[in-house]
Amino acid sequence: MKTKSNPIKVPLARAIMMPNIQTLLPDTLVPLAIHEILTRQYSEMPIVNEDGEYLGMFSEKCCMRVLASLIELIDASKRDPPKASNVMIPRKKLFTLDPGEDVFDAMSSLLAMGYSGAPVIASDGEFLGIFSERTCLGFVIEAAYSEIPSAKVGGFIDPDSNRLINADTDLHAIARIFVKTSYARLPVVRDDRIIGQISRRDVLNHSNILSSILRHRLDLPQTERESSLPAADTFLAAYGMLSDHSVKAFADTTSHSIDPEMDLFSVAQLFLQSPYRRFSVLEERRLVGQISRCDVLRHAIRLLK
């Protein structure tokens with residue numbers, strides 16, 4: 001991107017990517033991979049073979065696919081799964097945005113706090129939509145090519161009402177929504193007012209199915225909360241019924257990869273067109289780094305300001 005008076009050097013993916021990243025081998029057992037994602041606070045981990053060749057991604061959504069597969073293998077109707085109201089982060093603890101807030105300020109707040117998105121609430125408390133890393137990218141691209149000086153959050157929100165759930169939606173239904181969609185979070189509403197929010201990680205952290213498998217298969221100590229949960233035998237039996245226990249069986253092999261010479265705004269455009277939060281950077285099919293939406297936004301803010 002260039003302006004008439006001040007040429008701007010747009011960085012390439014190679015300059016802003018993270019070069020040293022944690023990876024998984026294709027035969028890594030699912031419980032160990034989930035444990036890595038939860039304890040390291042990753043949203044996904046690349047899968048590579050012993051030669052460093054990129055094979056796919058194991059993500060929070062892949063974890064949800066594991067959870068959904070286990071639910072299908074057990075008689076979930078005989079159990080009483082937690083409701084959204086038991087799992088959600090309540091409204092008073094949520095970071096929210098006003099539709100009239102400046103986009104640059106909102107983007108900076110999300111990046112500073114490590115959030116990938118936040119609900120946008122009207123002055124009367126009505127839920128308007130989600131302002132996220134992805135909608136931020138829409139502003140970045142428009143600002144880069146139209147040279148708009150500023151904008152308000154309300155012009156860059158995702159108002160999709162299909163992501164809304166109520167307090168009685170059970171955890172199994174929530175898991176299935178996360179598997180079938182690209183949503184990273186589901187607002188919990190009552191009478192068009194947001195009362196809480198549930199993310200993929202909230203489900204994974206709360207799920208007694210996955211935690212039971214993790215504790216038994218990895219021989220980890222139980223927490224006080226987990227010791228009060230129902231017996232894990234049913235869930236362990238379901239896990240044993242899986243035909244393949246490795247990450248390659250649940251990996252996302254369709255996720256985008258990019259060339260290290262792709263420029264910042266081209267990467268931003270690609271992120272805007274896809275649901276992914278990170279792209280693997282490849283040279284001759286070998287993984288050399290990873291670039292996230294956060295990486296793109298941080299550098300774009302510096303350029304645009």
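Modeller: What follows is a discussion of salt bridges and of a charged surface patch. This is a predicted model, in which local features need pLDDT of at least 70, side-chain atom pairs count only at pLDDT 80 or more, and totals for chains, interfaces and linings use all residues. Residues are numbered from 1 along each chain as its sequence is written, and side-chain values use heavy atoms, with hydrogens and water left out.

Biologist: What is a salt bridge, and how many does the structure hold?

Modeller: A salt bridge is a side-chain nitrogen of Lys or Arg within 4 Å of a carboxyl oxygen of Asp or Glu. The structure holds 11 of them.

Biologist: Which residue forms a salt bridge with Glu36, and is Glu36 buried or exposed?

Modeller: The partner of Glu36 is Arg40, and their closest N and O atoms are 2.6 Å apart. Both lie in helix H2 (residues 30-40), four residues apart, so about one helical turn separates them. Helices (H or I, at least four residues) and strands (E, at least two) are DSSP runs, numbered from the N terminus. Buried means under 20% relative accessible area, exposed over 50%, and partly exposed in between (1.4 Å probe, protein chains only). Glu36 is therefore buried at 18%, whereas Arg40 is partly exposed at 38%.

Biologist: Which pair links distant parts of the chain?

Modeller: Glu53 and Arg285 form a salt bridge with their closest N and O atoms 2.8 Å apart. Glu53 sits in the loop between strands E1 (44-48) and E2 (54-59), and Arg285 in the loop between strands E9 (278-283) and E10 (286-292), 232 residues apart. Glu53 is partly exposed at 22% relative accessibility, while Arg285 is exposed at 57%.

Biologist: Where does Glu133 lie?

Modeller: Glu133 forms a salt bridge with Arg277, at 3.4 Å between the closest N and O atoms. Glu133 lies in helix H6 (residues 133-146) and Arg277 in the loop between helix H12 (264-272) and E9, so the pair ties together parts 144 residues apart in sequence. Glu133 is buried, with 2% relative accessibility, and Arg277 is partly exposed, with 21%.

Biologist: Which residues are linked in a network of salt bridges?

Modeller: Arg14, Glu261 and Glu283 are linked in this way.
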